[in-house]
Amino acid sequence: MAVKVGIPNALLYYIYYPLWQAFFNEIGVQVVTSGKTTKDILNNGVREALADACVPVKIFFGHVMGLKDRVDYLFIPRVVCVNRKTIYCPKFLGLPDMIRHSITGLPPVIDIRMDSRQGYFAMLKAYTEIGSIFNASKHSSFRAYKKACRTLNRYNKLLQSGWNPHEAMSLLRKPGSLSKPPEPSLNFAVIGYPYNIYDSFISVNLLDKLRRLGVGTITTENISPLLLAWQKNCGLPKRLFWTFSDRALKAAHLLFKQGRIDGMLHLTAFGCGPDSLLNKFIELEAKKYKNIPFMTLMIDEHTGEAGMSTRLEAFVDMVKRRKEALACLK
Ligand code: SF4
């Protein structure tokens, strides 16, 4: 029977799962995921995590609780830096330690450090080290890593052509299985971290709600990294330190500048340190673009369906009326 490695459906899952899955499968390891976030997963996470942790980290704890008794290993890599320029939020860096010290009865945790600043071959070395845990030779790990990188490239291309991670993963499994929805009457930018936006439980189904209201969405993941790189430091003396915050700020600047959106939403998590800075910077930028309405939505473990729907409906309604009024003036 194949060894089973558990990957929680939280945090970096939305960015790297296709790579991780392809790598493990290629070296003969079975991957088990924790599934969609549910009320029980959230409650378990809230119970086990430190009280002042942000809600995505609490959710990660809940996913680990749901996986730990079903797998031989848990995969919680210490992802520090992948672009040699920015680092992930400190919560990512300490994640394996937080999990180990808070949850008992865990299977062995694979917590390999991934830090591209350690040299050109740092990532390959990290994956070779992971492979060695499962007795994969250096050559097999190298081959598996290359194949996994190709899968990740295909995934990123799907994201950049407008699909969300769930859709892109389905399309990787079954090409051509989805068709694009009809052109929406409004388009919103939804800025924030992928693990908040795409986790339908914690975002209270934000993307689906917007779709039902006739609003198309564009997120940071839908934008080419080259376009984001051109935003340089977004007018700041230096770029933001944290990878996701840096990308989100650049996406907001780019989308405001391009002017092809009717509104912008910033989804932020209660208890997020980097967001206290990021939200302010996006708000300041939004003030320069009076023609693009902007709203911040804060989520926490108590966010309710009704409150979120009311705010969204009111915002969409306001943007629609505004657009109609402007069209009449032309
Ligand atoms: S960036 Fe914010 S939301 Fe994300 S893990 Fe760090 S503190 Fe939590």
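Two residues are in contact if their C-beta atoms, placed from the backbone, lie within 7 Å. Domain bounds come from an automatic or database domain assignment. This is a predicted model, in which local features need pLDDT of at least 70 and side-chain atom pairs count only at pLDDT 80 or more, while totals for chains, interfaces and linings use all residues. Residue numbers start from 1 along each chain as its sequence is written.

**Domains**

The chain is divided into domain 1 (4-160) and domain 2 (184-329). Their C-alpha centres lie 27 Å apart. Across the boundary, 22 residues of domain 1 are in contact with 24 residues of domain 2. On the domain 1 side, at least two residues each are supplied by α1 (13-26), α2 (39-48), α3 and α7 (138-160), and α3 has the largest share, four residues. Helices (H or I, at least four residues) and strands (E, at least two) are DSSP runs, numbered from the N terminus.

**Ligand shell**

The ligand is surrounded by C54, P56, V57, C89, K91, Y193, F244, A269, C272, G273, P274 and D275, where a residue is near a molecule if its C-beta atom, placed from the backbone, lies within 6 Å of it. Two or more of these residues come from each of α3 (55-67) and α13 (273-286); α13 gives the most, three residues. Domain 1 and domain 2 each contribute at least three residues to the shell.

**T86**

T86 is found in the loop between β4 (78-81) and α4 (90-93). T86 is partly exposed because 16 other C-beta atoms lie within 10 Å; the cut-offs are 20 or more for buried, 12 or fewer for exposed, and partly exposed in between. Beyond its neighbours within four places in sequence, T86 is in contact with C81, R239, F241, W242, T243 and D246. The C-alpha atoms of T86 and T243 are separated by 5.1 Å, although the two residues are 157 residues apart along the chain.

**Sheet**

Four strands form an open, parallel sheet in the order β2-β1-β3-β5; two strands pair if DSSP finds at least two bridges between them. β2 (30-33) and β5 (109-110) stand at the edges with a single partner strand each, so one side of each has no neighbour in the sheet. Two bridges join β1 (residues 4-7) to β3 (residues 73-75), and G6 stands opposite L74 in β3.
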